[in-house]
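This report is meant for a reader who is new to the structure shown here.

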Amino acid sequence: MDSIKKLTELFAKFPTIGKRTAGRFVFYLINQSPQEIDDLIEAITDLKKSIQFCQFCFQPFQFDNQDIKFCQICSDPARNNLILCVVEKETDLLTVENTKQYKGLYFILGGTLTLRKTDGANLRINDLKNRINQGGFTEIIIALNPTPEGKSTSVLVERAIKELPKYSTLKITHLAQGLPVGGELEYADPETLESAFKDRK
Ligand SMILES: [Zn+2]
């Protein structure tokens, strides 16, 4: 396969990138200097070498030392370890974190149910149950996107939590209404997200 076509197909696999944008990336690269291409290749190679997944929340983080197992948030003693916020993906964690309102812990579910994946096998439901079993949480906030996929996933997560023996000591909350319906957390403005958190129930 010729290199333009091959690279276009690789870029087209990126989230939210269609074939046309992928093509633009390729032509952009063609016009870069060999040094800039090398820098890009190095940055991509380093990403896999220096990043690992937090063993609690699954957030990818940069590590200098192989013995570090938890990300900065999970290893911060100032965080409130009674509250756990379940989000769909890494960028949602960052979006919530950027509001600077939430001080509890997170768990990244790793996706949502989709039309083709309806059993939740693609999600970290079992890991979530383990975290809740091992932790001393009093509240679990289900902060999935207010999309149809996010909503059906919330139902699945809630059902899984309700199966736990610890359920009687837990409060399950959801973000308040007001987030754009069918939208995604990462596109909500910070004030809206902040009040959706404050008014959760
Ligand atoms: Zn973590």
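Two residues are taken to be in contact if their C-beta atoms, placed from the backbone, lie within 7 Å.

## Overall layout

The model described here is a predicted one. The protein has seven helices and six strands, and when these elements are read along the sequence they follow the pattern α-α-α-β-β-β-α-β-α-β-α-β-α. Taken along the principal axes, the C-alpha atoms of the protein fill a box of roughly 60 × 40 × 35 Å.

## The parallel sheet

Four strands form an open sheet, in which the order is S4-S3-S5-S6 and the pairing is parallel. The edges of this sheet are strand S4, residues 104-108, and strand S6, residues 171-174, each of which pairs on one side only. From one strand to the next, the twist averages 25 degrees.

Strand S5, which spans residues 139-142, runs parallel to S6 and is joined to S6 by four bridges; S3 and S5 also run parallel, and four bridges join them. Glutamate 139 in S5 stands opposite isoleucine 83, and glutamate 139 also stands opposite lysine 171 in S6. Isoleucine 142, for its part, has histidine 174 in S6 as its bridge partner.

## Helices across the sheet

Helix H5, made of residues 125-134, lies across strand S3 (80-87), S4 and S5, and runs at about 170 degrees to S3. Helix H6, made of residues 148-162, lies across S3, S5 and S6, and its direction is at about 160 degrees to S5.

Helix H6 also takes part in a right-handed β-α-β unit, which consists of S5, H6 and S6. The two strands of this unit, S5 and S6, are the pair that runs parallel with four bridges between them.

## The H1 and H2 pair

Two packed helices are described by the angle between their axes and the distance between the axes. For helix H1 (residues 3-12) and helix H2 (residues 19-30), the axes come within 8 Å and cross at roughly 125 degrees. Angles from 65 to 115 degrees count as roughly perpendicular and those over 145 as roughly antiparallel, and therefore H1 is oblique to H2. The crossing in which H1 passes H2 is right-handed.

The residues that meet are Ile4, Leu7, Thr8, Phe11 and Ala12 in H1, and Lys19, Ala22, Gly23, Phe25 and Val26 in H2. Sorted by class, this contact of H1 with H2 has seven nonpolar residues, two polar residues and one charged residue.

Conventions
Residues are numbered from 1 along each chain as its sequence is written. This is a predicted model: local features need pLDDT of at least 70, side-chain atom pairs count only at pLDDT 80 or more; totals for chains, interfaces and linings use all residues. Two strands pair if DSSP finds at least two bridges between them. Axes are lines fitted to C-alpha atoms, for helices over the stretch in contact, and angles run from 0 to 180 degrees between N-to-C directions. A crossover is right-handed if, with the strands pointing away from the viewer, the path from the first strand over the helix to the second runs clockwise. Angles under 35 degrees count as roughly parallel, over 145 as roughly antiparallel, 65 to 115 as roughly perpendicular and the rest as oblique. A crossing is left-handed if the near helix is turned anticlockwise from the far one by less than a right angle, and right-handed if clockwise. Ala, Val, Leu, Ile, Met, Phe, Trp, Tyr, Cys and Pro count as nonpolar, Asp, Glu, Lys and Arg as charged, and the others, Gly among them, as polar.
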